[in-house]
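Subject: Structure handover

Hi there,

Here is the structure I promised to pass on to you. Please have a look at it first, and then read my notes below.

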Amino acid sequence: MHSPTHLPDGETALSVSEITRRIKELIESAFGYVHVVGEVSNAKLHTSGHVYFTLKDEHTQIRCVMFKSSAAKIDFAVEDGMKVYARGQLTVYDRYGTYQIIVRDLVDAGKGDLQMAFNELKKRLEKEGLFAPERKQPLPAFPQRVGIVTSPTGAAVRDIIRTARKIYPAVDLVLYPVNVQGEGAKGDIAGAIADFNAYGEIDVMIVGRGGGSIEDLWAFNEEVVARAIAASEIPVVSAVGHETDFTISDFVADVRVPTPTAAPTLILADYVEARTQLGLSVRQATRAVTGMIDRHKRFIDGLRTRYGLRSMSDRLAAQIKDIEEAARRVERVMKAVIETEARCLVEAAGRLERFASARVDAERGRLATLAGRVDALSPLSTLKRGYSVVTRGQTGEVVRTYEQIDAGEELRLVLSRGGAVLRVENVEEVNAYERIELRRLDEED
Amino acid sequence: MKELSFEDSMKKIEEIVGELEKGDLPLEQSLKRFEEAVKLARACNKKLEGAQKKVNKLIKTGEAEFELEPFEEPEEE
């Protein structure tokens with residue numbers, strides 16, 4: 001729609017929109033934020049709250065507009081003939097093809113002496129070394145008690161309290177209420193900083209206030225306040241006004257933050273970190289302990305396997321009594337260990353709570369399985385698997401080898417459920433063929 | 001026993017995690033240390049998630065003498 005139109009002779013004509021767009025782009029990127037001094041004329045307060053005026057000198061003039069939000073921040077009426085410093089954005093208003101300054105901040109040049117005083121003090125204190133990086137104290141790690149020097153009624157104190165609690169609800173906040181503007185403010189603030197040092201029971205302090213005009217913030221540009229901050233043995237965080245406001249306090253303090261809200265965010269940053277770290281540590285600890293339990297269990301598993309295997313070969317050698325003993329022994333050893341472990345795990349389960357309860361449940365399940373395997377090795381289970389015990393009728397001694405038996409003798413057979421009385425017809429040594437068969441069975445087992 | 005500061009608790013927890021990961025301690029003792037770490041972590045967590053403390057204001061009552069008094073917080077806008 002706004003693309004260049006090609007004329008028959010090859011020349012290109014720009015649309016009005018296009019040339020205006022290019023001018024706007026060029027001017028706005030070339031100037032951006034400007035600082036202009038001039039005299040106000042044609043000042044008009046619109047019903048919308050915006051202030052329109054022209055800035056001029058002897059030769060020329062420039063249009064200015066101050067929107068309601070910016071106009072609300074200045075504490076004087078913009079009147080014709082007034083000399084002002086205007087800061088703002090140079091913009092092109094494409095609708096009328098005009099340029100203007102959108103003024104964000106306006107200073108009565110009649111009060112320019114404030115700026116001069118600021119510059120003078122800043123230069124002097126800087127020369128004295130009060131702003132030197134090596135004078136800056138580090139902020140304490142994990143501060144518990146935070147002092148606040150500010151007005152008890154402003155937005156600043158509310159913002160600081162709210163933000164601090166959001167990060168670390170258990171923080172102890174101690175307010176030293178002061179006037180932050182007007183007569184006596186500088187004395188109040190300096191006194192409060194000194195008093196906090198005399199009191200001593202805070203880890204760090206915030207000194208500041210919310211946004212306002214240069215006059216409103218002036219107390220924080222006073223030498224007595226700067227000296228109190230410099231003398232403070234407790235680290236001081238300066239939190240004055242908005243992002244763009246710089247005060248002498250900011251330069252002297254150990255740390256400057258752009259707004260009061262930013263102060264607790266910086267001071268309590270360790271607690272934000274701690275949230276993540278705590279979760280991590282508990283997971284690490286849980287992993288280490290469950291790993292330890294796992295290792296113990298593998299050790300027991302090893303025991304079970306060893307004893308289990310020996311039982312098998314003993315059985316095949318017809319050493320039923322030995323099997324019984326071995327099985328009982330394994331059972332005893334394992335039950336003792338399992339009981340200890342289970343007790344530990346039950347305790348641990350209580351300790352772990354929500355952090356690792358799922359994990360412990362799994363461990364308990366594995367222990368139950370293990371206990372089941374122990375049962376499987378008990379003599380009763382052996383009988384259930386089809387093996388039997390033979391005892392001599394009179395003495396009740398367990399028959400292990402054929403030499404114990406005489407032909408015609410009465411033997412008792414013990415099965416898993418019930419038993420029988422047997423009469424021996426014939427006794428013979430197992431022949432070689434049968435031995436091989438047995439060995440094969442052994443290996444299959 | 002006096003309650004450990006947040007910072008000391010964090011250090012202690014780190015120390016215990018180190019011990020547990022090394023795995024030199026017997027099981028029973030490990031579980032005791034583990035319990036200690038979890039207890040500390042819970043106390044820290046309670047401080048991070050728990051109830052807000054009241055704000056006090058510092059009142060000067062004499063030369064280098066101070067008292068704390070509850071501060072009436074301004075109403076939210």
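A word on terms first: buried means under 20% relative accessible area, exposed means over 50%, and partly exposed is in between, with a 1.4 Å probe and protein chains only. This is a predicted model, in which local features need pLDDT of at least 70 and side-chain atom pairs count only at pLDDT 80 or more, while totals for chains, interfaces and linings use all residues. Residues are numbered from 1 along each chain as its sequence is written, chains are lettered from A and ligands numbered from 1 in the order in which they are written, and side-chain values use heavy atoms, leaving out hydrogens and water.

Let me start with the link between the chains. Lys53(B) and Asp172(A) form a salt bridge, at 3.2 Å from N to O (a side-chain nitrogen of Lys or Arg within 4 Å of a carboxyl oxygen of Asp or Glu). Lys53(B) sits in the loop between H2 and strand S1 (56-62) of chain B and Asp172(A) in strand S9 (residues 172-177) of chain A, so this pair joins two chains. Helices (H or I, at least four residues) and strands (E, at least two) are DSSP runs, numbered from the N terminus. Asp172(A) is buried at 16% relative accessibility, whereas Lys53(B) is partly exposed at 35%.

Over all chains, the whole structure has 20 salt bridges. In helix H1 of chain A, Arg22(A) pairs with Glu18(A), their closest N and O atoms 3.0 Å apart; the two are 4 residues apart, so about one helical turn separates them. Arg22(A) is partly exposed at 41%, but Glu18(A) is buried at 11%. Glu120(A) and Arg124(A), again with closest N and O atoms 3.0 Å apart, both lie in helix H3 (residues 112-128) of chain A, about one turn from each other. Glu120(A) is partly exposed at 41%, and so is Arg124(A) at 34%. Shared partners join Glu120(A), Arg124(A), Glu128(A), Glu223(A) and Arg227(A) into one salt-bridge network.

Now the interior. A nonpolar core is a set of buried Ala, Val, Leu, Ile, Met, Phe, Trp, Tyr and Cys residues joined through side-chain atoms within 4.5 Å. The largest has 45 residues, and Val146(A), Tyr168(A), Leu173(A), Leu268(A), Tyr271(A) and Phe6(B) touch the most other members. Its largest share, 8 residues, comes from helix H2 (residues 27-49) of chain B. Which residues does Phe6(B) contact, leaving aside neighbours within four places in sequence? Counting heavy atoms within 4.5 Å as contact, they are Phe142(A), Tyr168(A), Tyr271(A) and Ala274(A), along with Cys44(B), Lys47(B) and Leu48(B). There is also a second, separate core of 38 residues, including Ala219(A), Phe220(A), Ala226(A) and Ile248(A).

Do look at Ile202(A) too, in the loop between helix H5 (185-199) and strand S10 (204-209) of chain A. Ile202(A) is buried, with a relative accessible area of 5%. Beyond four places in sequence, Ile202(A) touches Arg145(A), Val146(A), Gly147(A), Val174(A), Phe196(A) and Ile234(A).

Finally, Val16(A) is in helix H1 (residues 16-31) of chain A and counts as exposed at 66% relative accessibility.
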